[in-house]
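Hi,

Here is the structure I said I would pass on. Have a look through it first, and then read my notes below.

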Amino acid sequence: MSGPLYLAWRYLVFHRWKTVVLVAALTLILFLPVGLRVLVRQGAERLVARAVATPLLVGAPGSPTELVLSSLYFESDVQETLPYSEAARIRDTGLAEAIPLHVRFRVRDQPIVGTTPEYFAFRGLHAVDGRFAAVLGEAVLGDRAARDLGVAVGDHVISSPESLFDIAGVYPLRMPVVGVLAPSDSPDDDAVFVDVKTAWVIQGLGHGHEDLSRPEAAPGVLEREGNVVIGNAAVVQYNEITAENIDSFHFHGDPSRFPLTAVIAVPRDEKASALLQGRYQEVPAVRMVRPEVVMGDLLATVFTVERYVVAGAVGVGLATLATVVLVFLLSLRQRARERETLEKIGAAPRAIRVLMASEAMFVLLVAGAMALTLTWLAGRFGPEAARLLARL
Amino acid sequence: MIAIRDLRFAYDGTPFRLEVPVLDVAARSTTAFVGPSGSGKTTLLHLAAGILLPSEGRIAVDGTEITSLSERARRAFRVRRVGLVFQEFELLEYLSILDNILLPFRAHPDLRLDASIVDRARGLADRVGIGDKLDRRPRHLSQGERQRTAVCRAVLTDPPLLLTDEPTGNLDPVNREKVLDILFDYVHDAGTTLVAVTHDAEILPRFGRVVDFRDFHARGEVPA
Amino acid sequence: MRTMRCRLLVALAALSLACAGSESARDSGTTREAPSETGAEEGARLVVAVVNYPLSWLAREIGGDRVDVRFPVPAEEDPAFWSPGPEQIASYQRADVILLNGAGYASWTDRASLPPSKLVDTSAGFSDLYLPAGEKVVHAHGPEGEHEHGETAFTTWLDPRLASRQAEAVRDALARADASGAEAYGRGLARVQASLARLDTDLEAAFEPFAGIPLLGSHPVYQYLARRYGLDLRSVHFEPDEVPRPDGWAALQALLVDRPSRLMLWEAPPLPEVSARLAREFGVRSVVFDPCGNRPEEGDFLSVMEANVARVTAAVEGG
């Protein structure tokens with residue numbers, strides 16, 4: 001029956017813009033609610049997975065959501081810090097392993113995560129290139145961080161100043177990249193990992209004997225690293241920990257009082273977890289949260305919003321669908337004469353039916369296929385796309 | 001070619017009646033149907049084509065009694081054996097001229113479209129003078145060219161019977177002559193039986209026979 | 001038939017040789033460890049990394065077969081001032097337990113990225129007993145070049161009672177990491193503490209004649225020894241393999257003015273011309289008291305300490 005199909009095709013081509021618009025409209029109607037749900041559910045799944053994988057989080061009193069967002073996803077900043085001794089305290093209970101976190105500084109857009117070697121075993125991260133940090137000042141990058149910053153093992157990254165006018169404050173620290181981690185499909189991919197002591201150096205709590213200020217060359221000869229201002233005559237000073245000066249590095253003050261943004265507590269078992277949570281309920285100066293619960297609350301809100309949005313999309317979709325149906329009906333009416341002509345010249349009834357229905361059928365099929373493809377794409381690349389959109 | 005006996009036809013819900021006790025159209029003849037509006041000329045054309053069924057009577061076309069065929073069979077018969085040129089040409093605007101000519105071969109499974117048919121279509125188009133316009137759409141053609149396209153479509157299957165309704169109706173005098181020349185040349189060469197409904201008295205002399213519908217008892221108006 | 005028997009004999013011989021070979025390897029392991037580890041999988045043994053030789057000895061004595069002690073410091077380095085490279089630091093990171101001496105010993109540990117959950121400060125339990133190092137002087141010597149002594153003295157193990165408490169900390173750390181070996185570690189601890197108690201007695205006897213007599217130290221590493229045995233000991237900054245600079249001799253002169261001493265303890269045998277000049281110009285006899293920070297060429301911690309006892313005792317007898 002290629003005759004009627006050929007005619008149908010010619011009809012669609014002749015009215016190609018109408019066809020495109022109809023296909024687009026129908027695709028959206030079909031895809032939007034589904035795609036939205038897929039995206040949201042997927043995103044939620046990942047967030048939840050990471051939260052579930054982090055049993056307990058300890059931080060200074062403040063917003064639990066901020067604490068979780070800062071410590072698990074490296075977004076948002078924690079207002080208050082807690083002392084390093086908290087990690088030892090948790091460890092000394094014998095109930096849990098304690099992993100300190102210091103998330104405050106950035107290398108351009110990538111968060112600098114100060115922590116200890118236990119973090120990598122905990123998150124199942126391993127180096128695909130190079131090694132883990134051995135000494136103060138060394139940095140290990142997540143897969144995406146390395147790509148976005150355009151660095152590899154052997155290059156350097158520079159921490160970004162917290163504000164442009166950091167007169168008496170934090171100098172950028174130049175850190176050698178000693179390792180790049182394998183992709184883990186998590187926020188760890190975006191991070192620049194350093195030892196927590198290195199984070200303290202960036203904060204200005206530790207330094208070497210000599211002040212290494214190396215004035216940059218003329219603006220034309222700048223490195224593509226860190227927040228170096230091109231064209232500005234200001235001299236950028238940064239610290240760097242090298243093999244020559246590392247032995248002279250030391251900290252001022254009592255390290256047990258140095259700041260952490262959070263401590264991840266990994267209890268030995270359920271009973272230990274309950275005991276630990278019980279103990280920390282009494283302590284006012286420090287707050288212990290369960291990321292799973294915090295994220296659950298956050299996501300409940302997201303899902304509520306999602307429901308409304310999906311309902312809205314469905315409503316709009318139904319209205320659009322009605323319009324599309326109307327368009328088809330009008331189209332049929334318009335083609336009444338065509339139908340008559342065909343009948344008069346003796347066209348087979350089936351041929352006429354195929355021809356008349358072809359427009360709707362084609363649009364439905366293509367829209368259906370596109371909606372399916374988009375849904376699959378959303379499932380596959382949604383998180384990436386969402387991240388790109390968030391950057392913009 | 002056409003043999004009508006005791007034909008009675010009425011459109012539902014109207015007072016119109018057509019009664020044709022006897023009508024014979026000889027093969028290879030050229031016949032004109034004339035008469036006032038509403039006298040049933042076009043209706044008889046549609047009956048002869050098998051588009052309409054009489055309430056009573058028999059119609060035989062080229063030996064086949066079409067009144068005893070199912071609708072499906074009548075269509076199949078019509079698409080093969082009857083060429084139709086309507087009053088309004090009725091070309092499909094989304095098809096090229098060539099595709100419009102080839103339309104019957106795409107509209108019915110009994111007709112197989114192959115290279116020879118395409119060649120024949122091109123030949124017909126050349127013959128009527130629209131051979132260079134085969135890729136254009138109907139809206140780019142003049143009235144006369146569209147009329148000629150319709151004629152090509154009608155005769156593509158080489159039907160023994162060609163029915164036309166006001167073949168010169170919308171045309172200026174020059175084109176009118178052209179179209180008539182084409183028609184008559186064709187039917188003469190192919191031996192096709194031609195029946196034309198026309199209001200135009202000036203073209204009547206070209207026809208071999210004129211049938212006046214005042215002879216048939218038609219009443220009321222033909223529904224539009 | 002003959003060839004079969006021959007082959008069997010050869011095979012047996014080879015087998016026994018192999019066994020003997022591994023035996024000797026294990027034996028040498030207790031007295032002398034290869035500076036670089038082979039990295040071979042040790043099965044279920046606890047991997048214990050240490051920062052100095054006394055801890056290595058303690059860990060082996062207490063842990064026995066249940067532990068695999070890693071002490072990667074090269075024999076010619078002073079572990080207190082050693083700076084490991086990334087591979088060596090990685091081997092510490094991989095250990096199950098990392099034993100630190102505490103009191104500021106081995107400042108490289110402050111600058112390395114070591115997992116806190118595995119770190120054990122063996123002297124943290126008696127941090128209230130830490131002694132100051134004395135005057136802070138920056139000086140240049142040794143293969144590492146310039147170093148300075150921090151504010152706290154760190155040769156805690158030279159006081160056998162403190163060493164005993166460090167041994168307890170070692171036992172606790174091993175038992176925490178390997179609960180199933182708690183009993184064995186307890187027994188090991190008892191043995192070690194008995195040995196240390198005997199050493200304490202011997203040292204006490206050896207230093208008893210020096211009560212009230214000012215003594216000299218070639219280097220400020222004898223603070224805990226001095227306190228334990230009530231020694232009036234002041235130190236200069238001499239190195240065994242170097243001739244002191246003029247300001248060094250001057251410092252010695254200054255010390256001797258108000259505290260005339262006849263005996264100087266050396267970490268290792270001094271250069272002959274130095275000990276000769278000491279004896280000639282200052283009337284000071286040199287006696288080697290090896291702090292045993294790194295592994296000895298032969299013997300173990302106890303034997304080194306006993307040798308120290310013997311030399312001190314001989315010095316007394318020598319007048």
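**Confidence in chain B**

One stretch to treat separately: over residues 220–224 of chain B the pLDDT stays under 50, and the model has 14 contacts beyond four places in sequence for these residues. Keep in mind that this is a predicted model. For chain B overall, the mean pLDDT is 86, with 96% of the residues at 70 or more. If you go through the elements of chain B, the lowest mean pLDDT, 85, belongs to helix α7 of chain B (residues 173–190), and the highest, 93, to helix α3 of chain B (residues 97–101).

**Where chains A and B touch**

Chain A puts 18 residues into the contact and chain B puts in 20. On the chain A side, α1 (2–14) and α10 (336–345) of chain A each supply at least two residues. The largest share of that side comes from α1(A), with 7 residues. By type, the chain A residues that touch chain B split into 11 nonpolar, 3 polar and 4 charged.

**The sheet in chain C**

Over in chain C there is an open sheet of 4 strands, in the order β2-β1-β3-β4, with parallel pairing. As a reminder, strands of a sheet pair through backbone hydrogen bonds, either parallel or antiparallel. At the edges of the chain C sheet sit β2 (67–70) and β4 (119–121) of chain C, each of which pairs on one side only. Direction ignored, neighbouring strands of the sheet are turned by 25° against each other on average.

If you want a residue pair to find on screen, V50(C) stands opposite L99(C) in β3(C).

**A helix pair in chain C**

Also in chain C, which way do α5(C) and α6(C) run relative to each other? The axes of helix α5 (residues 160–177) of chain C and helix α6 (residues 182–207) of chain C cross at roughly 170° and come within 9 Å. Angles over 145 degrees count as roughly antiparallel, so α5(C) and α6(C) are roughly antiparallel to each other. Residues making the contact include A163(C), A167(C), R171(C) and L174(C) from α5(C), and Y185(C), L189(C), V192(C) and L196(C) from α6(C). Sorted by type, the residues of this contact are 12 nonpolar, 3 polar and 4 charged.

Cheers

Key
Residues are numbered from 1 along each chain as its sequence is written. Chains are lettered from A and ligands numbered from 1 in the order in which they are written. This is a predicted model: local features need pLDDT of at least 70, side-chain atom pairs count only at pLDDT 80 or more; totals for chains, interfaces and linings use all residues. Axes are lines fitted to C-alpha atoms, for helices over the stretch in contact, and angles run from 0 to 180 degrees between N-to-C directions. Angles under 35 degrees count as roughly parallel, over 145 as roughly antiparallel, 65 to 115 as roughly perpendicular and the rest as oblique. Two residues are in contact if their C-beta atoms, placed from the backbone, lie within 7 Å. Ala, Val, Leu, Ile, Met, Phe, Trp, Tyr, Cys and Pro count as nonpolar, Asp, Glu, Lys and Arg as charged, and the others, Gly among them, as polar. pLDDT is the predictor's confidence in each residue, from 0 to 100. Two strands pair if DSSP finds at least two bridges between them.
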